[in-house]
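I set out to record what I looked up in this structure, entry by entry. The sequence and the model are placed here for reference.

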Amino acid sequence: MMKLCIKLVRDIRQSIGQFIAIVLVIAVGAFFYAGLITYSDNLNAYTKAYFTEHNLSDLNVYYSHISKDEVAGLSEIEGIKKIEGRYTLDATQAFEGYKALLKIHSIPMKNEINTPTMVEGRIPSKKDEILLDSHYANEHQYRVGDKIRLSSNNKDYTFIISGLCENVEYAKKNEIQDHKTFGAAYTAEVTIPEMADGFTYNEVLIDAKEDYDLDKLGKSIEAQSKQLSYLNQVSKERTFSYSKITETIHNNNLMSKVIPFVLFLIGAIILFLTMSRIIDSQRNQVGIMKALGVKNGTIMLHYMGYPLLVGIVGSIIGCSIAAIVFIPLVTASSSRAYSLPDIKFALTVYSVFPPIVFSSAFGLLSCYLSSRTVLKERAAQAMRPKPPKKVKMLLIERIPGIWSRISFSYKLIVRNILLNKQKALVSSVGVVASTVLLITAFGTHTALLKVADQVEEVYAYDLRVDYAIGASFDASKLPSGIKQKFDLSALPIEFIKDDKKEKATLTVTEKENNLIHFLDVNDNKLFLENDGVLVPKSYADKYHITEGDLIRIKFTAPEFKNKMLEMKVLHISTQYSNPSFYSTPAYLKSFDINYNPSSLLVEANSSTDLVSVRSFFEQDLQVDKITDKNDLKKSAQYILKQNSFVFLMFIICAVILSFGAIYTISSINIYERSREIATLKVLGYQKYKINRLIFFENIILTTFAVIVAIPISGYMYTIIVKALSSTHQQIPDKLNVFILLAAVILAFFLTILANLLLKRKITRINMIESLKSIE
């Protein structure tokens, strides 16, 4: 057994380049598996614990005003575990060149819902104290004890910062996690009379009993609020922060399964081919071992040591690199994307086992299948070389005038490929797989760029003005300098198909609105009509919706009293980011539903007018948020920045994987043809001609592999895009010519590079040893 272990080490040393190439292939899969699964699992586990520990509110209910006694009255409603009232208002802070918005909430001394995580200092207890968002404070260099001046409702306030915190309700502030122009703050309840002209609340936080139906609870609260100044309510799932984090967790969970699976599958194919060819090329050594009395099981275990060693070494290297490179990158990315205090992404020891098991299983299977036939042979039979195949005249040789014009070198190449079709086909499989991976990697990264670009392509407005809940605006009192303006409202709905339900958004705007562009799958423009609804392609793909179908939706906002509609599908629209159903006010009116706009899209006459128009809306107390083109550009750039590093690593790993596949297969080809190469050397064939003979054959195999890979890659890319897409995220599913061309060029470049590195292997072939007869 010890001698077999020594033989295994010797086999590895003799083809160390091949061993390293296969180890790299396994390491790539382990790298992505360990990194993505760690990110997905840690983020999911942390957020669940964080939301539970700090008691994220299940319902936020809004009123014009509600007293402490009235809040106490609501606490008797069935299903409510805890309830807290608070007063919320928007304040602004002027800086050079821009304004920042602070969302200020009152906080009770015995705060039990949406409790803050204290970074420094303490919760405010006095009238002039404020607890400030730590990220906002860092952006503006505020410290505990500093004074901060704010403006709200034409009043100026000065507070002393009593502490810095992060709050569970602002884990995600906005699309680009902008701490510079948006922050949150908390004041003691004793400050409310000064801000609200009397002690009153305008928001109620509800902590529901575990597993209680939130829809039922919302209806009960609305029913009991009929005599109160009730405005609206928002469930936890509809809040921006919670919905964005859960969407990210869902998408990352898909990526952590799909990407490593594809990489492991390609690695497994290469390992399978390698082990099959190694055992087949060493059948004479198997015969010698059998003749020496080594048992079949021992011989099989000996060969199984190779894939087991490759799997262990590759998985350890891949996981180690993931811990050094991937984990710090996702930690930095997460800190930019969310406000999650003290979140840590740590690789566990257990992460290394699935790659070892998966890679080793395929290697062990290949050993079993490859050695089974050889081990059945008698020792003498296995020690003999395989009888040569009966050579028939090739079809190309029968065509007069062609074969005679081909040079001797090219005749050798053509005869070797056509007489060993199965061997050539097997050699091409690894190159096909690696080329498919390259095309998929380039395609996915290009898709990410297209998603970011569509943000600016679709939205043509200068400003989007979102009004506060319950606010209304008078279009006749808008300032001059506005070229176009259109109303808009985003209504929460539930999409229903058979027994499946999914939360969605119905955006209502005028038919004439040309400040939002709608595109079909071929990027042709679509237009809203008054007789149907526009459905996002992400929903259409998942639920098999086509134009002309009838879909069912249910309004979930309390004011619509769960009204259910059957709406006709007008068009299917490509929407990569924040997909929404679109309809017109006239179409809603046909269902006896009144349209109450909550936002305004504005196009200014000029850049000069835009300044005055924006200033007008900034002074409007009813305005909750203003978004402009710069915000859209920042959003697009943020999408790229947050995701590009993953796909950049994916491309780098695809290149490593491709090179490993091409190098390994070429190395095996040279090893198998060592006798033929030695014969050519003895006959006086020049070195450069032998190199050209082998390398040109590899180029032909790569060409064949690329031709086969192009249609396969289109299919594979579609599968991966479908796996990574969801109703809340659509990814472009078409590959363009430039992507295919770039991947093909890179595949040929890697083949040439592998050929150059293998020149020494051909030069070092021992002529006498290779030509010695086994018999």
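**Entry 1. Model and record.** I note that the model is predicted. I consulted the unreviewed UniProt entry, which lists "transmembrane region" for residues 20-39, 258-279, 300-327, 347-369, 424-443, 645-672, 693-717 and 737-758. I then checked two of these spans in the model. Residues 258-279 are 100% helix and 0% strand, with the end C-alpha atoms 32 Å apart. Residues 693-717 are likewise 100% helix and 0% strand, and their end C-alpha atoms lie 35 Å apart.

**Entry 2. Helix α20.** I looked up helix α20, which runs over residues 737-757 and has 21 residues. From first C-alpha to last it reaches 30 Å, close to the 30 Å expected at 1.5 Å a residue. I listed its buried residues: Ile739, Leu740, Ala743, Val744, Leu746, Ala747, Leu750, Thr751, Ala754 and Asn755.

**Entry 3. Aromatic pairs.** I found 21 aromatic pairs in the structure. Phe31 is buried at a relative accessible area of 7%, and Phe32 is buried at 0%.

I turned next to Phe51 and Tyr242. Their ring centres are 5.4 Å apart with the planes at 40°, so this pair is tilted. Phe51 belongs to helix α2 (residues 16-53) and Tyr242 to helix α7 (residues 240-281), so the pair ties together parts that are 191 residues apart in sequence. Both Phe51 and Tyr242 are buried. I also noted that ring pairs link Phe51 and Tyr242 with Tyr46 and Tyr50 into a cluster.

**Entry 4. A charge over a ring.** Which ring does the charged end of Lys172 sit over? I found that it is the ring of Tyr338, with the charged end 5.3 Å from the ring centre.

**Entry 5. Thr509.** I located Thr509 in strand β14, which covers residues 500-509. Is Thr509 buried or exposed? Its relative accessible area is 1%, so Thr509 is buried, the cut-off being under 20%. The side chain of Thr509 makes a polar contact of 2.8 Å with the side chain of Asn513. Setting aside neighbours within four places in sequence, I recorded contacts of Thr509 with Phe486, Asp487, Leu488, Leu528, Ser583, Thr584, Pro585 and Tyr595.

Methods: Residues are numbered from 1 along each chain as its sequence is written. This is a predicted model: local features need pLDDT of at least 70, side-chain atom pairs count only at pLDDT 80 or more; totals for chains, interfaces and linings use all residues. Side-chain values use heavy atoms; hydrogens and water are left out. Helices (H or I, at least four residues) and strands (E, at least two) are DSSP runs, numbered from the N terminus. The expected span of a helix is 1.5 Å times one less than its number of residues. Buried means under 20% relative accessible area, exposed over 50%, partly exposed in between (1.4 Å probe, protein chains only). Rings of Phe, Tyr and Trp (its six-membered ring) pair if their centres lie within 6.5 Å; planes under 30 degrees apart count as stacked, over 60 as edge-to-face and the rest as tilted. A charge sits over a ring if NZ of Lys or CZ of Arg is within 6 Å of the ring centre and within 35 degrees of the ring normal. A polar contact is a pair of N or O atoms within 3.5 Å; within protein, one must be able to donate a hydrogen and the other to accept it, and residues adjacent in sequence count only if both atoms are side-chain atoms. Contact means heavy atoms within 4.5 Å. UniProt positions are given in the numbering used here, feature names are shortened, and annotations may be inferred rather than shown by experiment.
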